[in-house]
Structure formats: structure tokens, C-alpha cells
Amino acid sequence: MHPRTPLRLTRRTGALLAGALIAVLAGCGTGGDRGLRADGTEAGETKAVASKRPAARAGLPGMPPVTDPKDIYAADRPGRLSPVVREFPSKVYVPNTKSNTVSVIDPATYKVVETIPVGIQPQHVVPSWDLKTLWVNNNRGHTLTPINPATGKAGKAVEVHDPYNLYFTPNGKYAVVMASMDRELVFRDPHTMERKKTVPVTCFGVNHADFSADGRYFVVSCEFSGELLKVDTEKMEVVGQQKLPFDGAMPQDVKLSPDGKTFYIADMTAHGMWALDGEKFTTPTLLPTGKGCHGLYISRDSKEMYVSNRGEGSISIFDFTKNGLTKKWWLPDGGSPDMGGVSADGKVLWLSGRYDSEVYAIDTKTGKQLARIPVGGGPHGLAVYPQPGRYSLGHTGVFR
């Protein structure tokens, strides 16, 4: 207290300050945060005012809730194996399109331990939504061959026309067959593969896709007409379509960023990735990566994305935090890195060598090639299994 300040003025000032403090606390809530009442309104706010605030859009009905809105891949950390897959032996399943077989690799020895005969032109090995089955997409054989990942044994093939690729809706209600030559998206029972709804499309070569964070829609690449589709998951309808702004574009793999804000689409002739705002579905922008940009794979810590450049034998590293490329790894003897996946512990990136009848194992810390393994002809969408995650969205293993 200043020695010349009258005591009377001090008491009055103190009373005024106390009153002001009470008013501030009443308006702001404790700790400076307004807080929420049990009815969902903020302290000092009427229900009428609260009703005007935009509500967060609910997820697709039946979809497991997102565990971390800032990272949709939070369930994919090393060691977080579902009880369903915990006892499955670790293997790499490689579909050989020209040999009509699946090569099974032991990742511990880098050796092919079995070769499984399947249908004509197998394109991808796809984990089912419930994680219990691996489906081999026999594109020209018009069948799906189920493999039991517990035993490694193939079951009876199921008739499915033109199954170039296979996805599952985030609630597990439907399988979605990418019927590339038929120009259809076919929604089927995820277990029996019985046809439920056929969605004809006007683009050519539907092949890859990924779902929004809330599961309400998915983005599909059309390889042969250079287009993208936006599909309403619940209505099973195409709600958006656009031509990529590049002459001769050939979009391939599609992957959603960890924060759920951006879809990345690899493009084999634009030699880079398109960055797309899925909500607005406006014209995307191109980020050059390398010749023949093809496959996109998220690191186990969700910080990076591995981008295979099939036309030049390299892998580009995209950093989500820096929003840019930071490294490029070159295969020492060249090659054609295509589709694949990351090991359960996140230490190895596995990629098929599409035109070289081989598979590459790459150290994700150093970029060093660990092994180059001979397989059948035309190896394509290999699956590393099991992997962490609560459920599978399909392709070669997109887990959330």
C-alpha cells in the first residue's frame, strides 16, 4: 500500500476490485474456461444460443468411434495387435499376376516358404474388415480366394465378377468391389460376397480408394480416365466427380492424412501425389515425388508416408508435420517398387517389384535395402500380415 493513500479509498477500491473479479469468474467459469453444463450448454449461455453452434458431424452408423481425432491411425502403433490376429504367424503374401499364384514369405528369413495356386490374374491380397480372412482378388478369373491367416491355407474360391480391388465400409456392413473393367462399384456382403447393390460409374478404371475420417464418404481413383469420384458410403451413391488437371493423368493409390483433412492420390504419369480437400472436393494440387508414383503407406508413428516411385526404383518420404518431402531412398540395383505395406513393428517396408519378379524389404529408419526376394511373375498388391489396428478398410491393409 502506498503510504499516502487514504485507508477509506483503499477499502472502496478493494470492494470494487472484488466485485469485478466475481463478475469475471461468473462469466468465464473456473480456471478461465467457460466449461459445459450437464445439458451441453456453456456456462453463461442459454440453450437457444447453444443450439446455434454447429454440431460435429456424427460418424457412419456402426463404425467404431475414432480414438484420436488428430490421428486416425492411432490404433496402428507397434504392438497393438487385435486379439483376433495376435496368434497369427507373421507372413508376407504376394499375389503374382502372371503366375496365378501367391508367394508366401517368412519375414524373419526373407525366404519364400510356400506357393499357393489361386485364380487367374491375382491383383491384391486384402485383409477382411473383421481381420479373420485374407481375400485374393483374381481379377480375370472372376473369383476371390480366401486364405486363413491362422493356417495359411486357401479355401474354396467365391465367384465375384471383375474383382480388381476390394475395400470394406468402416462399419463392416459391406465389401466394396472395384470392378475396373465393368465400370462398377459393387457393394457386397462382407462374408458371403453376395451382391447387394451395383453402382455404375462413367469413369474408366476404378481401382483404389480411401475413406474419410468419419466414414461418411470415400474417394476413388479412376486410372484410365484420370478422374476422381466421391462416394456417399451410406447412400452408396456417387456424389462428386472431377477430371484431374493433368493431360494423361493415371491416379493410383489413395491415402488419407492422419489428421483426416487431406486425401493424397498417387499419379503414375504426373509423377507425384495430388493433395485433395475431400470435404470441398475442389481441384487438387500436385506434389512431384518421382517417376511412376504409385503406392502410399503411413509410418507406424503417423509422422511420415512412404511413396513408391515405380518408374525409377525409388521411395520418397513425405513428412506430414513439414508438409513436404524430406528424403528419397533408391533401390541399389534399380527395380519397380509397387504396392505393399509396413511390418507390424514399423521397421520394414515391404514392396513388390512389379516388373522384376521380386519383392523388396527396406529398413524404414535408414532406407537400406534389407533383401530382394525372387517370387512369381508380375507381383502386385502384397499384404504384410498380421498388422496392428482394430479393423481393415481393405486394399493391401489399411487399418484404423
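Which backbone oxygen lies 3.0 Å from a polar atom of the side chain of Gln252? The backbone oxygen of Met250 does. The close-ups below start from that residue.

This is a predicted model, in which local features need pLDDT of at least 70, side-chain atom pairs count only at pLDDT 80 or more, and totals for chains, interfaces and linings use all residues. Residues are numbered from 1 along each chain as its sequence is written, and side-chain values use heavy atoms, with hydrogens and water left out.

**View 1. Gln252 in strand E17.**
Gln252 sits in strand E17, residues 251-256. Helices (H or I, at least four residues) and strands (E, at least two) are DSSP runs, numbered from the N terminus. With a relative accessible area of 1%, Gln252 is buried. Buried means under 20% relative accessible area, exposed over 50%, and partly exposed in between (1.4 Å probe, protein chains only). The side chains of Gln252 and Glu223 make a polar contact at 3.3 Å. A polar contact is a pair of N or O atoms within 3.5 Å; within protein, one must be able to donate a hydrogen and the other to accept it, and residues adjacent in sequence count only if both atoms are side-chain atoms. Neighbours within four places in sequence aside, Gln252 is in contact (heavy atoms within 4.5 Å) with Asn207, His208, Ser221, Glu223, Ile265, Ala266, Met268, Cys293 and His294.

**View 2. Ile315 in strand E23.**
Strand E23, residues 314-319, holds Ile315. Ile315 counts as buried because its relative accessibility is 1%. Its C-alpha atom is separated by 8.9 Å from that of Cys293, 22 residues apart along the chain. Leaving aside neighbours within four places in sequence, the contacts of Ile315 include Trp329, Leu331, Leu349, Leu351 and Ile362. Tyr306, Val307, Ser308 and Asn309 are also among them.

**View 3. The disulfide between Cys203 and Cys222.**
Cys203 and Cys222 are joined by a disulfide, S to S 2.1 Å. The rule for a disulfide is a pair of cysteine sulfur atoms within 2.5 Å. By this rule the count comes to one. Cys203 lies in the loop between E12 and E13, and Cys222 in strand E14, so the pair ties together parts that are 19 residues apart in sequence. The torsion about the S-S bond is about -50°, so the disulfide is left-handed. Both cysteines, Cys203 and Cys222, are buried.

**View 4. A nonpolar surface patch at Phe204.**
Met181, Phe204 and Phe224 form a nonpolar patch on the surface. Together they have about 350 Å² of accessible area. Patches are made of residues with over 30% relative accessible area and no salt bridge: like charges are joined within 9 Å, nonpolar side chains (Val, Leu, Ile, Met, Phe, Trp, Tyr) within 5 Å. Accessible areas come from the Shrake-Rupley method with a 1.4 Å probe; for residues, only the protein chains shown count as cover. Phe204 is in the loop between strand E12 (195-200) and strand E13 (206-211). Its relative accessibility is 41%, so Phe204 counts as partly exposed.

**View 5. Salt bridges.**
Twelve salt bridges are present in the structure. Each is a side-chain nitrogen of Lys or Arg within 4 Å of a carboxyl oxygen of Asp or Glu. Arg77 pairs with Asp71, the closest N and O atoms being 2.6 Å apart. Arg77 is partly exposed at 22% relative accessible area, whereas Asp71 counts as buried at 7% relative accessibility. Glu184 and Arg195 meet in another salt bridge, 3.9 Å from N to O. This pair links distant parts of the chain: Glu184 is in strand E11 (residues 184-188) and Arg195 in strand E12, eleven residues apart. Arg195 is partly exposed at 39% relative accessibility.

**View 6. The Arg216 and Glu234 salt bridge.**
In the salt bridge of Arg216 with Glu234, the closest N and O atoms are 3.0 Å apart. Arg216 lies in the loop between E13 and strand E14 (217-222), and Glu234 in the loop between strand E15 (227-232) and strand E16 (237-243), so the pair ties together parts that are 18 residues apart in sequence. Arg216 is partly exposed, with a relative accessible area of 23%. Glu234 is partly exposed too, at 46%.
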